[in-house]
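Subject: Structure handover

Hello,

Here is the structure we discussed. My notes follow below it.

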Amino acid sequence: MRTPIIAGNWKMYKTIGEAVELVKALLGGLDASLVKDREVLVCPPYTALYAVRPLLVGTAISLGAQDVHPEPQGAYTSAIAPGMLVDVGCSAVIIGHSERRQYFGETDASVNKKIGAALGVGLRPIVCVGELKAERDAGQAEAVVGGQLAGGLAGLSAEQMLKLVIAYEPVWAIGTGDTATPADAQAMHAFIRSRLQAQFGAEVAEAVRIQYGGSVKPDNVDELMAQPDIDGALVGGAALKADSFLRIVHFR
Ligand code: PGA
């Protein structure tokens, strides 16, 4: 049995005040009986982490970041080290989001380094993979995702892999309202699990959670979560408002 994990990726939205307000609204609206069997995570921008952390301590919502630098410290202007995220109260970090790949030169090799660095300080990596529209149209979706997995997860032990979450986020579905159909998402999740099985064995593949991301909304989350290999959601736009994120967290 895999514990479902719903994560909100706030991207470059929310001032400190807005972040605090949203967290308070989420905590106020959370149905404890519904979420006792699932994990809930919010990933605010770096500037808001310190302010929201005390609100989340001891609650059902944990704190994550949206990226991390692979080095423990150094002259890397603007970057945030893995230990700094632990220091501010994060337990997880998104790695390899398609926006990082598209706008900031993230590669499978840098994803691989960041995973190792995050694991080294006890952060749970949420590793994003996903194909472009043109790649899907060309019948390359599985090849692209398979390549991202092979590069990103290279050299990991089975024990390390068990600590990861994979997020399948087709790039054409992110922020577009154009969600993958539950059947298409399920097919890719099953493919991802088969690749995990080939690399890490059946037991690990069965245990690792695979989130779907890309225009997850209150009105499609139930159908997505009903798929056997979809174990959670990575939510962008719909995570910015308490009522829509709560409805997603409370999926049925
Ligand atoms: P979206 O973003 O829900 O706004 O499509 C998802 C993501 O980028 O993680």
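What do the buried residues of α3 pack against? They pack against α1 (16–29), β2 (39–43), β3 (61–65) and α4 (82–87), with contact meaning heavy atoms within 4.5 Å.

First, the basis. This is a predicted model, in which local features need pLDDT of at least 70, side-chain atom pairs count only at pLDDT 80 or more, and totals for chains, interfaces and linings use all residues. Residues are numbered from 1 along each chain as its sequence is written, and side-chain values use heavy atoms, with hydrogens and water left out. Helices (H or I, at least four residues) and strands (E, at least two) are DSSP runs, numbered from the N terminus.

Barrel
Eight strands close into a barrel in the order β1-β2-β3-β4-β5-β6-β7-β8, with parallel pairing; two strands pair if DSSP finds at least two bridges between them. On average, neighbouring strands of this sheet are turned by 25 degrees against each other, direction ignored (axes are lines fitted to C-alpha atoms, for helices over the stretch in contact, and angles run from 0 to 180 degrees between N-to-C directions). Two bridges join β3 to β4 (residues 92–95) in the parallel sense, and alanine 65 stands opposite valine 93 in β4.

In α3 (residues 46–56), Ala48, Leu49, Val52 and Leu56 are buried (under 20% relative accessible area; exposed is over 50%, partly exposed in between, with a 1.4 Å probe and protein chains only). Seen down the axis of α3, these buried residues fall within an arc of 115 degrees, so they line one face of the helix; the arc is that of the directions from the helix axis to the C-beta atoms. Thr47, Tyr50 and Pro54 are exposed on the other side of α3. Glycine 58, with a positive phi near 80 degrees, follows the helix.

The buried residues of α1 are Ala19, Val20, Leu22, Val23 and Leu26. They cover an arc of only 165 degrees around the axis, which puts them on the same side of α1. Their cover includes β2, α3, β3 and α13 (242–249), while Glu21, Lys24 and Gly28 are exposed on the other side of α1.

Cores
The largest nonpolar core has 70 residues, of which Leu153, Met161, Ile166 and Ile192 touch the most other members. A nonpolar core is a set of buried Ala, Val, Leu, Ile, Met, Phe, Trp, Tyr and Cys residues joined through side-chain atoms within 4.5 Å. Helix α10 (residues 182–200) gives this core its largest share, six residues. A second, separate core of 11 residues includes Leu41, Ile94, Val165 and Ala167.

Regards
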